[in-house]
Amino acid sequence: MARDLKYTRNIGIMAHIDAGKTTTSERILYYTGKTHKIGEVHDGAATMDWMVEEQERGITITSAATTAFWHYNGEQFQINLIDTPGHVDFTAEVERSLRVLDGTVATFCAVGRVQPQSETVWRQADKYGVPKIAYVNKMDRVGADFFAVVEDIKKKLGARPVPICIPIGAEDKFEGIVDILSMKAIYYDSEGKELVNYEEKEVPANLVEEAKKWRAAMIESAAEFDDALMQKYFDNPESITDEEVIAAIRKGTISMDIVPMCCGSSFKNKGVQFLLDAVVRYLPSPLDRGNVKGINPKTEEEDERKPSVSEPFCGLVFKIATDPFVGRLAYLRAYSGKLDSGSYVLNTRSDKKERVARLYQMHSNKQNPIDFVEAGDICAAVGFKDLRTGDTICDESHPIVLESMKFPTPVIGLAVEPKTQADLDKLGIALGKLAEEDPTFTVKSDADTGQTIISGMGELHLEILIDRLKREFGVEINQGAPQVNYKEALRQTVQHRELFKKQTGGRGKFADIIFELGPADEGVTGLQFVDEVKGGNIPREYIPAVEKGFKAAMQNGVLAGYEVTSMKVALKDGSYHPVDSDQLSFEICARQAFRKAAAKAAPVIMEPVMALEVVTPEEYMGDVIGDLNKRRGQITNMDSRGGARIIKAMVPLSEQFGYVTVLRTLSSGRATSTMEFSHYAELPANLAKEIIEKSGNKPIGEDE
């Protein structure tokens with residue numbers, strides 16, 4: 001008999017770096033009975049941080065998945081849990097996890113409050129419509145303030161937090177929480193390693209009034225989502241039952257109108273069981289999330305699947321990982337139907353059949369073989385030949401394409417070469433595997449120098465990938481200095497005619513095109529190609545070749561050979577020769593036309609600009625700002641929090657290499673910074689000139 005999906009929760013834990021996501025995940029595994037010993041991040045023994053690099057650095061790099069069971073009200077719930085990274089360089093891991101989750105636990109540090117990466121992951125969750133509950137961790141730390149976090153969430157995230165508990169004490173006096181629904185105080189034994197390390201008591205006298213105030217606020221918020229409850233709230237508030245409040249808060253959470261908030265100290269084993277109860281109470285099951293929508297590739301019309309085993313199978317591959325023992329693992333979320341181990345599915349991207357050799361339920365980096373997977377589950381599969389992140393797999397006779405994921409483009413590159421000739425082939429294979437796993441990691445060869453350039457989201461990202469090359473693949477490499485991934489863009493629209501004629505004994509080559517070239521419409525990336533040819537002056541079969549030629553030419557801009565990320569080509573007219581014209585002639589013609597036309601279209605070099613946040617003690621503020629001004633930084637905001645000053649600025653990436661070390665020196669090691677990609681902006685002319693000279697490109701206007 002199929003499992004009832006109302007008892008399933010697919011959740012992730014997301015937060016800013018160091019808010020305690022992995023520690024919270026470890027406690028969840030322990031209190032659900034999944035592990036028998038609590039793994040600590042600082043000891044390098046966390047179950048979910050299984051990579052050597054993660055254990056050494058105490059950070060999460062890849063999102064690890066596991067399944068645990070939690071008993072609530074005498075019923076057993078299955079929790080599929082994904083622990084995501086907090087560091088901005090691994091933003092793709094968060095993005096792809098949120099795409100397949102039904103709910104998430106947004107974890108905040110009670111001292112740091114809403115930090116930059118908390119805002120980023122919050123927006124990512126909003127983008128995929130993922131309901132959230134907030135968990136304020138580290139209540140035992142000096143400076144912890146639960147209610148300040150509540151205010152911060154309102155102010156910075158524009159959300160509506162609804163506390164479902166309040167803390168008993170704070171900092172070293174943090175003893176437990178008051179459940180304001182049942183009006184019971186829960187005291188935790190921080191050393192208690194039993195599965196039940198808490199006891200319920202009466203609410204302490206000094207907190208009764210405050211608990212009542214927050215309880216009234218909670219019921220008032222809940223009543224907005226249930227008319228009958230609203231009526232009771234006005235007529236007779238005493239008659240409201242706990243079940244009615246839970247049902248109404250659940251409704252508001254699933255519709256993303258409110259965010260239930262609880263608190264604790266995961267490291268001190270306080271508040272985790274209450275958090276698990278909240279996950280089960282308020283976060284949606286696959287049934288609450290409703291039908292999944294997609295496109296039928298045959299009819300191009302919208303189609304949907306119910307989260308039911310009786311529907312045809314469909315699932316989304318959200319991650320590819322390489323395991324030394326089982327090979328390529330494809331992590332997938334099943335949205336409908338049932339998939340048996342050993343059966344065949346259709347990959348709608350390649351339109352080919354793929355065999356699922358084996359299915360596994362994942363527990364971090366360990367696999368437990370399973371015979372089948374059903375709607376609503378997350379598992380890993382082995383045996384696929386050609387699967388990529390974002391592919392939809394489904395029943396052959398009922399094709400559907402689900403919405404994929406979009407990943408940011410890499411902003412920083414590095415030249416690498418193997419130390420020995422023997423490592424050359426190994427390097428190619430290893431880089432291919434890493435690029436397959438990570439959509440924000442790209443590898444390309446520089447046509448001029450023959451070097452291999454690897455690109456990623458930041459210095460740490462590339463550092464870890466190089467580390468993995470050595471450890472996992474045994475490849476020793478030499479590396480160059482980090483380089484910025486510049487782009488090129490066009491500022492004006494120009495009209496151009498290109499005639500390509502070549503006579504070489506026998507059949508020649510001929511193509512003639514008239515077109516307009518310029519910046520793409522707002523919001524469009526890549527090549528925006530418009531066919532405006534009338535009257536068959538260019539035969540239909542040659543037009544895709546013109547588009548292909550322009551597309552290929554965009555890889556090398558006219559200024560310094562950087563990629564042109566977007567442009568618009570309107571093909572107006574042209575002519576052809578009945579004998580000498582062919583597709584290749586038109587493709588070559590388009591490539592040549594791009595070089596000449598782009599040079600007249602006011603080309604510019606674009607550089608990546610990063611959003612930087614620095615938290616520094618007051619006395620170093622002048623030095624920090626002075627240094628940012630030297631780096632062409634623009635201060636966007638200054639704020640203060642708990643005795644420290646917060647400086648937000650936009651700084652070009654090219655000025656930020658080694659910034660962490662400089663900041664440490666300026667502030668005697670007391671300031672911290674976080675940085676993430678914001679946007680591309682035009683590079684000042686004097687710097688652009690230097691880059692063009694370095695690239696060795698001929699000045700524009702010289703004949704090729």
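1. Helix α5 covers residues 146-157, and at 1.5 Å a residue its 12 residues should span 16 Å; the end C-alpha atoms are 16 Å apart, which agrees. The expected span is 1.5 Å times one less than the number of residues. Helices (H or I, at least four residues) and strands (E, at least two) are DSSP runs, numbered from the N terminus. Please keep in mind that this is a predicted model, where local features need pLDDT of at least 70, side-chain atom pairs count only at pLDDT 80 or more, and totals for chains, interfaces and linings use all residues. Residues are numbered from 1 along each chain as its sequence is written, and side-chain values use heavy atoms, with hydrogens and water left out.

2. Now look at the two ends of α5. At its start, a side-chain oxygen of Asp-145 comes to within 3.2 Å of the backbone nitrogen of Phe-147. Just after the helix, Gly-158 has a positive phi of about 65 degrees.

3. Which residues of α5 are buried? They are Phe-146, Ala-148, Val-149, Val-150, Asp-152, Ile-153, Lys-156 and Leu-157. Buried means under 20% relative accessible area, exposed over 50%, and partly exposed in between (1.4 Å probe, protein chains only). An α-helix has 3.6 residues a turn, so residues three or four places apart point the same way.

4. Leaving aside neighbours within four places in sequence, Ile-153 is in contact with Phe-108, Val-114, Trp-122, Ala-134, Gly-158, Ala-159, Pro-161 and Met-261. Contact here means heavy atoms within 4.5 Å.

5. The largest nonpolar core has 100 residues, and Val-105, Phe-108 and Ile-153 have the most contacts inside it. The largest share of this core, 8 residues, comes from helix α9 (residues 272-282). A second, separate core has 31 residues, including Leu-490, Ile-543, Val-558 and Val-569. A nonpolar core is a set of buried Ala, Val, Leu, Ile, Met, Phe, Trp, Tyr and Cys residues joined through side-chain atoms within 4.5 Å. In soluble globular proteins, nonpolar side chains tend to be buried together.

6. Helix α9 is mostly covered, with 10 of its 11 residues buried. Among them are Phe-274, Leu-275 and Leu-276, along with Gln-273 and Arg-281.

7. Ala-159 lies in the loop between α5 and β6. Is Ala-159 buried or exposed? Ala-159 is buried, with a relative accessible area of 18%. Its partners, not counting residues up to four places away in sequence, are Trp-122, Ile-153, Lys-154 and Val-259. Ala-159 and Met-256 are 97 residues apart along the chain, yet their C-alpha atoms are separated by 9.0 Å.

8. Helix α6 (residues 208-223) passes the length check too: its 16 residues should span 22 Å at 1.5 Å a residue, and its end C-alpha atoms are 22 Å apart. Its buried residues are Ala-211, Trp-214, Met-218, Ile-219, Ser-221, Ala-222 and Ala-223. They pack against α5, β6 (161-163), β7 (165-168), β8 (176-179), α7 (227-235) and α8 (242-254).

9. Asn-137 belongs to strand β5 (residues 132-137). Asn-137 is buried, with a relative accessible area of 3%. Beyond neighbours within four places in sequence, Asn-137 has contacts that include Ala-19, Thr-107, Phe-108 and Ser-265.

10. Turning to strands, β15 (residues 327-336) has 8 of its 10 residues buried, so it is largely enclosed by the rest of the structure. β15 pairs with strand β22 (residues 378-382) in the antiparallel sense over 4 bridges, and Tyr-331 stands opposite Ala-380 in β22. Two strands pair if DSSP finds at least two bridges between them.

11. An open sheet of 3 strands has the order β13-β12-β24, with antiparallel pairing. The edge strands, β13 (302-305) and β24 (401-402), each pair on one side only. Strand β12 (residues 292-295) is joined to β24 by 2 bridges, and Ile-295 has Val-401 as its bridge partner.

12. For the overall picture, the protein has 17 helices and 38 strands. Buried residues make up 54% of its 704 residues. Among contacts between residues at least 6 apart in sequence, 72% join residues at least 24 apart.

13. Finally, a word on confidence. pLDDT is the predictor's confidence in each residue, from 0 to 100. The mean pLDDT is 81, and 88% of residues reach 70 or more. Over residues 38-61 the pLDDT is below 50, and this stretch has 81 contacts in the model beyond near neighbours in sequence. Residues 699-704 also stay under 50, with 7 contacts beyond four places in sequence. Where pLDDT is low, the predicted coordinates should not be read in detail.

Note on methods
Polar contact = N/O pair within 3.5 Å; in protein donor to acceptor, adjacent residues only side chain to side chain.
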